[in-house]
Protein chains: 2
Amino acid sequence: MIVVFTGGTGGAKLVHGLAQVVAPERLTVIVNTGDDLEWWGLHVSPDVDSILYALVGLLSRDRGWGMDSDSFRCLERMQQLGQPSWFALGDLDLATHLTRTAMLRAGKSLSPATAELAAKLRIRARVLPMSDDPVTTVLDTARGTLKFQEYFVRERHQIEVHRVRFEGAHRARPAPGVIESIAAAEAVILAPSNPVTSIGPILAVPGIRDALRQIKTTIAAVSPIVGGAAVSGPAGELMKMMGWPSTIAGVAKAYEDFLDVLIADRADEPEAARLRGENLQVLCTNTIMSSPAAKRELAQFVLEACGVMSGAAPGGYAQAKV
Amino acid sequence: MIVVFTGGTGGAKLVHGLAQVVAPERLTVIVNTGDDLEWWGLHVSPDVDSILYALVGLLSRDRGWGMDSDSFRCLERMQQLGQPSWFALGDLDLATHLTRTAMLRAGKSLSPATAELAAKLRIRARVLPMSDDPVTTVLDTARGTLKFQEYFVRERHQIEVHRVRFEGAHRARPAPGVIESIAAAEAVILAPSNPVTSIGPILAVPGIRDALRQIKTTIAAVSPIVGGAAVSGPAGELMKMMGWPSTIAGVAKAYEDFLDVLIADRADEPEAARLRGENLQVLCTNTIMSSPAAKRELAQFVLEACGVMSGAAPGGYAQAKV
């Protein structure tokens with residue numbers, strides 16, 4: 001079993017690539033839920049949905065979130081009704097949130113609800129939210145305390161952040177299967193997601209970081225920082241705020257207590273040379289997943305770095321349009 | 001104040017007509033909520049919404065329910081996710097249900113939630129659900145007990161009905177303003193809605209029927225039966241099941257304890273002649289509201305039959321597209 005820790009956007013691309021070079025049944029994807037929000041009365045799990053959509057090839061490539069070819073008529077009408085509209089849910093996307101919310105209201109926990117949604121989408125990989133308990137990423141900023149989506153979407157992350165906290169994390173339990181899958185993993189991969197606000201919340205759930213420290217299996221991280229800046233989003237600024245360099249060295253720092261392999265972009269070869277040491281292997285490749293082929297190639301590279309055979313038949317395991 | 005009792009479709013047309021021939025502020029519309037349902041986890045009030053949409057000229061003329069120019073992309077996606085899809089909510093329409101449901105979940109009752117929605121739509125008429133308490137119209141049928149929408153929409157009312165019941169009605173209270181508006185009315189109009197399942201639930205809320213019996217004001221009903229059959233829907237069959245004729249005589253029977261004026265279609269002139277008596281005035285006109293002008297003309301006729309001056313300026317009070 002290959003275990004992937006991930007947030008949305010960049011991580012979703014790598015997960016999509018991985019599902020094409022190994023049998024999806026071998027993948028367990030542990031997803032950040034610190035960004036989850038109640039929106040229009042619905043429970044929205046943006047990162048979980050990005051992973052689900054990516055796994056069926058439905059994630060919008062233009063936007064990097066939401067569903068391909070979606071429309072926003074309900075959103076426009078919500079606007080006309082004076083409802084908040086800064087967080088956009090598409091008409092197709094709404095079906096996911098309505099379905100999940102109905103399950104949660106019926107008393108189901110987030111992980112079985114996610115499994116049921118995945119089954120409805122005929123996803124063969126295992127997608128696990130990090131926890132069934134609410135964990136909320138909040139940021140203390142120059143303009144007060146904001147929830148993650150308020151900072152990221154509403155304020156377009158253009159506010160200085162003083163501190164990131166994961167409310168509820170101290171009493172959250174890892175979702176059923178999370179610790180077990182880490183313990184049984186052939187490899188653990190940290191996707192190129194924001195180390196502070198995407199991977200950070202997962203690691204903040206008691207027991208998960210310890211599980212990573214304890215396993216002998218190779219743990220590899222793909223750097224979300226390329227050429228000294230985040231490929232997308234505020235990873236650079238937030239890493240600086242944490243006192244880490246906003247370079248691949250910062251990524252290594254974020255995961256220093258358990259990381260075996262750091263996969264960086266070729267653009268960072270000089271920095272990679274400096275970072276290499278007894279306890280850390282640093283490999284460089286093309287990490288910008290700008291095409292379906294690039295996704296697959298990076299996925300293959302990561303697996304090889306972990307010493308895992310993909311066992312993919314020629315043409316891979318694509319289960320949906322690429 | 002002119003008080004209208006109504007269900008959806010036909011009633012909505014008359015309400016639309018009335019709002020154009022009197023100042024909308026003079027209208028209080030008391031709406032059936034026995035058809036309300038929980039759908040996709042949302043509280044849907046189909047008749048209330050038909051009235052709201054009609055009052056702003058947004059009610060779909062093609063379908064007679066939902067919003068004009070709506071699309072059904074979320075519905076299609078719900079279908080793909082294996083969710084129930086026999087009750088169609090449009091993408092635009094969803095905004096109404098999301099907004100209302102959020103209000104109800106926040107602890108608001110149905111009547112203030114309705115008032116807030118009406119205000120957001122800039123509706124000047126007063127729209128009151130019959131009760132803030134849940135009343136559920138259920139039908140004992142040849143195929144078991146069905147809720148109204150299951151019978152009406154899912155089964156296309158093609159099942160024999162043995163009995164209609166209004167669950168919860170005995171402990172329901174009229175919504176705030178309902179009894180007061182009846183007591184203060186210049187006229188009460190029963191819209192051409194199904195006497196059994198549209199007006200019936202309203203009259204089943206304790207206190208409302210008594211209020212109609214007690215007032216001196218003219219109470220007029222527009223027959224939903226034309227030429228011995230319902231203009232639309234199962235009114236004929238359900239009236240028969242109640243032991244009433246499925247003619248305008250059945251409509252008179254349904255309301256016999258309080259009705260002053262029955263407005264029937266010209267097609268029913270012979271029956272009208274037989275029905276006329278000391279306690280019941282029966283007037284004939286064109287009751288098929290097949291055009292905006294026909295709606296206005298019927299509305300005007302009804303007001304005159306009640307002895308109410310419309311006071312409409314030439315061109316009426318149209319507040320939205322007709």
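Predicted model: local features only at pLDDT ≥ 70, side-chain atom pairs only at ≥ 80, totals over all residues.
The same surface serves both copies, since 100% of the contact residues of chain A recur in chain B.

Residues are numbered from 1 along each chain as its sequence is written, while chains are lettered from A and ligands numbered from 1 in the order in which they are written. Local features need pLDDT of at least 70 and side-chain atom pairs count only at pLDDT 80 or more, whereas totals for chains, interfaces and linings use all residues.

## Contact between the chains

The contact takes 20 residues from chain A and 20 residues from chain B, where two residues are in contact if their C-beta atoms, placed from the backbone, lie within 7 Å. On the side of chain A that touches chain B, the elements giving two or more residues are α3 (73-80) and α4 (91-105) of chain A; helices (H or I, at least four residues) and strands (E, at least two) are DSSP runs numbered from the N terminus. The most is given by α4(A), with 9 residues.

By class, this side of chain A has 9 nonpolar, 6 polar and 5 charged residues. Here Ala, Val, Leu, Ile, Met, Phe, Trp, Tyr, Cys and Pro count as nonpolar, Asp, Glu, Lys and Arg as charged, and the others, Gly among them, as polar.

## The parallel sheet of chain A

In chain A, 7 strands form an open sheet with parallel pairing in the order β5-β2-β1-β9-β10-β13-β14, two strands being paired if DSSP finds at least two bridges between them. β5 and β14 (281-285) of chain A stand at the edges with a single partner strand each, so one side of each is left without a neighbour in the sheet. Neighbouring strands are turned by 20° against each other on average, direction ignored.

Strand β2 (residues 27-31) of chain A runs parallel to β5(A) and is joined to it by 4 bridges, and A:V31 stands opposite A:P129 in β5(A). Helix α13 (residues 292-305) of chain A packs on the sheet, where it touches β9 (187-190), β10 (218-222), β13 (261-265) and β14 of chain A, and its direction makes about 150° with that of β13(A); axes are lines fitted to C-alpha atoms, for helices over the stretch in contact, and angles run from 0 to 180 degrees between N-to-C directions.

## Helix α5 of chain A

Within helix α5 (residues 110-120) of chain A, the residues A:L110, A:S111, A:A113, A:T114, A:L117 and A:A118 are buried, that is, 20 or more other C-beta atoms, placed from the backbone, lie within 10 Å of their own. These residues cover an arc of only 160° around the axis, which puts them on the same side of α5(A); the arc is that of the directions from the helix axis to the C-beta atoms.

The buried residues of α5(A) pack against α2 (46-55), α4 and β5 (126-129) of chain A. Just after α5(A), A:R122 takes a positive phi of about 60°.

Definitions and conventions:
Buried ≥ 20, exposed ≤ 12 C-beta atoms within 10 Å, placed from the backbone.
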